[in-house]
Amino acid sequence: MSEPVKTRIVVADDDKDILDLVVFKLTQAGYDAVGVPDGVSALAAIEANPPRLAILDVMMSGLSGMDVLRKVRANEATKDLDIILLTARSRDSDVDAGFAIGASDYVVKPFSPRELVHRVNALLARADR
């Protein structure tokens, strides 16, 4: 009997400690979490092998999480991908802007890794209905 295929999630954050923590927690929860250090790498990973979900830091050099989100939504092959924005930007206008361009969820730093995993689980469960 073969093992079930794990759900692939791309995580992009330029803070290595946060990236490692999120990848570790998602892997612990049974996901195939792939960590990348910036927006350019995130977009390349998403387009090369579209994951089930992406978690993007908003403030990264090169392409921001918002830039990646816009490009993902504009691409027919990835336009329906669930995306969680993970950011220190907590003003209402920042949150509104994230949802306005198509974020599936918005998590403000500092965050609870356990809560993030719960949000991932909930988002994927809703999408699978």
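A residue is called buried when its relative accessible area is under 20%, exposed when over 50% and partly exposed in between, judged with a 1.4 Å probe on protein chains only. By that criterion, buried residues account for 43% of the 129 residues in the protein chain. This is a predicted model, in which local features need pLDDT of at least 70 and side-chain atom pairs count only at pLDDT 80 or more, whereas totals for chains, interfaces and linings use all residues. Residues are numbered from 1 along each chain as its sequence is written, and side-chain values use heavy atoms, with hydrogens and water left out.

The protein chain holds 5 helices and 5 strands, taken as DSSP runs numbered from the N terminus (H or I with at least four residues for helices, E with at least two for strands). Along the sequence they follow the pattern β-α-β-α-β-α-β-α-β-α. The radius of gyration of the protein chain is 14 Å, close to the 14 Å that the globule rule gives for 129 residues, so the chain is as compact as a globular protein of that length; the radius is taken over C-alpha atoms, and the rule is 2.2 Å times the number of residues to the power 0.38. Along the principal axes, the C-alpha atoms fill a box of roughly 50 × 35 × 30 Å. Of the contacts (heavy atoms within 4.5 Å) between residues at least 6 apart in sequence, 60% join residues at least 24 apart.

Two strands count as paired if DSSP finds at least two bridges between them. Strand β1 (residues 8-12) runs parallel to β3 and is joined to it by 4 bridges, and A12 stands opposite L56 in β3. The pairing of β3 with β4 is also parallel, over 5 bridges, and here L53 stands opposite D82 in β4.

Strand β4 spans residues 82-87 and includes T87. Is T87 buried or exposed? T87 is buried, with a relative accessible area of 0%. Leaving aside neighbours within four places in sequence, T87 is in contact with D57, V58 and M59, and also with Y106, V107, V108 and K109.
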